[in-house]
Amino acid sequence: MSSQSLTAIALARSIRLGERTASECVKQALQAIDRGNSQLGAFLSVFHEAAAAEAAALDSLPLSSRDKLPLCGVPVAVKDMFCTIGQPTTCGSRMMEHFVPTYEARVVARLRDAGAVVVGKTNLDEFGMGSTGEFSAFSPIQNPWRTGYSPGGSSGGSAAAVAAGWVPAAIGTDTGGSVRQPAAWCGICGLKPTYGSVSRFGMVAFASSLDQAGVFARTARDVELIWLAIAGPDPSDMTSRSGPQVVQAIPPNKKLRIGVAPQIWAGKIAADVERELQQALIAWRQLGHDVIEIAFPHERFAVAAYYVVASCEAASNLARYDGVRFTPRWGNAGDQAETLSAMYSATRGAGFGPEVRRRVLLGTYCLRQGYAEQYYQQACRARRAISADYRQAFEKVDVIVGPTSPTTAVELGAQRDPVEVYLADAFTVSANLAGVPALSIPVGFSADGMPVGAQLIGPPWSEHRLCTLADDYQQLTDFHWRRPPV
Amino acid sequence: MSSLEPELVERLSKLAAIELGVNPASEDREQLFRDIPRIVEFLSILGELPSVHLSTELQAVDIGALRPDVMNTSQSPSDALANAPLVAEGCFVVPPMIDS
């Protein structure tokens, strides 16, 4: 069986047992990327030599040492928002085109400590801002299920790489749905973990109170394994925290209470998405879980609150890109500017793409003197209210299930109203505002053959519960194993 | 609130230090003049949120106390300068700070 047909768990086990080598698995992944990347545009850089060397080093370890590596020899792709020492980290932006970090993101270091081999960095919407992959400064990303369609965003390259079968797992970032929505559109699993469970050290900041590293894989069990490998407190990230060190196993056949809030999505999602979501709920009912309706009174404020908080934080975080610390620098006469302020404006005007500048300007608008109460403070109040909604809901249910995205993948290049694009994030942003974990899993296909995702949301540190409920479903279905035509 | 004048968008671009019209790949002024007011109008829904008894504390997740304020090793000066476009004698080099 080809290594590309295996889960990360099975692949690591077979390498630990000496049934196959890390070198052959990494070579197969690199060959698949080389064959398909010109079509999909999923990778911005591929680490041929470094990955081969890391794999060879793993193969030279004695079997007893490999036993300690849960991801031994597993090829993994990482979104180009994570610093990789000595390797380019572009954030999908002209502003960072030549940035080569001198330090490693904690997520990348922990992947390597667990035995994973990073094979390359994936394409994305610039600085994580966008939901179609079209805002990469370098190339749009294609959906492996149908070229000409978006893989979702902003972690679209990571999702496309896993969906295409090139790697069994990939890392993304999720500020408002940037792991879950591309997972749904590409027919794979995507986890946004509990805020603070994974260190943000070395993950380029977009909106610091919302950003969290996330995981893509085909199966929920793979997602959980990789989350456990990258999670844990880190002195370099003061918002990282320790959670349950040992995952409490959920007893077999334990019946969970699944909350649904159909008033949130009624009339707002495509008929195909509604149909497949209802089918998934029927499957969970048949497994013995209860499905209970819950209220979510402040959900209608979520998208506006999110775009105020995220844009304000982006305006602040992206102030550092000014032509002083990072190359390139632009001026109004070649690469020379007459004054410092002219150089700042010219560099930021030339370096930032359309969505980044739109959000920085929006954040600047909301933070103007005399307007903070109207926008930022009010958005923070909405955030508190939404968190309270979640706390109250989780007194009644164990997990909340709903759609991940209102639609399946959209066509690339279509002109869209910015507010309509932002409203498409309606089902994902609230988990970021409340800091709770959420997992998107494939639950079917539209009539025209595009994947549909459903989202499972739980209270803080319930990743194991979410993955167990998803695994129950994946034992009954094969949507996660279906392969796109690419 | 919904009637944003183009002059305001120009002023925002100055506040944010983003010169408009220098990146041909980015939207032009007219697109921004259309988009920003449209988004701002949408954000006005936040005015309907009852503000009484709701904290404005940013973090929805309790993240505990800040770390102790102690010195430790961080980036070396050479690492901090490694990606700068222009350096000299261990410093960033920039154009004049004061307009002539």
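**Notes on the two-chain model**

1. Strand β7 (residues 257–260) of chain A is joined by four bridges to strand β8 (residues 290–293) of chain A, and the two run parallel. Strands here are DSSP runs of E with at least two residues, helices are runs of H or I with at least four residues, and both are numbered from the N terminus. Two strands count as paired if DSSP finds at least two bridges between them.

2. Before going on, please note that this is a predicted model, in which local features need pLDDT of at least 70, side-chain atom pairs count only at pLDDT 80 or more, and totals for chains, interfaces and linings use all residues. Residues are numbered from 1 along each chain as its sequence is written, while chains are lettered from A and ligands numbered from 1 in the order in which they are written.

3. A:Ile258 stands opposite A:Val291 in β8(A). A:Gly259 has A:Ile292 as its bridge partner in β8(A), and A:Ile400 as its bridge partner in β9(A). Strand β9 (residues 399–403) of chain A pairs with β7(A) in the parallel sense over two bridges.

4. Now the whole sheet. It is open, with 11 strands of chain A in the order β1-β3-β2-β4-β6-β5-β10-β11-β9-β7-β8 and mixed pairing. Its edge strands, β1 (43–46) and β8 of chain A, each pair on one side only. From one strand to the next, the twist averages 30 degrees.

5. Two helices of chain A lie across this sheet's strands. Helix α8 (residues 220–230) lies across β4 (169–173), β5 (189–192), β6 (213–217) and β10 (438–445), at about 145 degrees to β6(A). Helix α17 (residues 463–476) lies across β5, β9, β10 and β11 (451–457), at about 10 degrees to β10(A). Axes are lines fitted to C-alpha atoms, for helices over the stretch in contact, and angles run from 0 to 180 degrees between N-to-C directions.

6. Chain B has three helices and two strands, which run α-α-α-β-β from the N terminus on. Of its 100 residues, 13% count as buried (20 or more other C-beta atoms within 10 Å of the residue's own, C-beta atoms being placed from the backbone).

7. Finally, the contact between the chains takes 61 residues from chain A and 49 residues from chain B (residues are in contact if their C-beta atoms, placed from the backbone, lie within 7 Å). On the chain A side, α14(A) gives the largest share, 11 residues.

Notes. A residue is buried if 20 or more other C-beta atoms lie within 10 Å of its own, exposed if 12 or fewer, and partly exposed in between; C-beta atoms are placed from the backbone.
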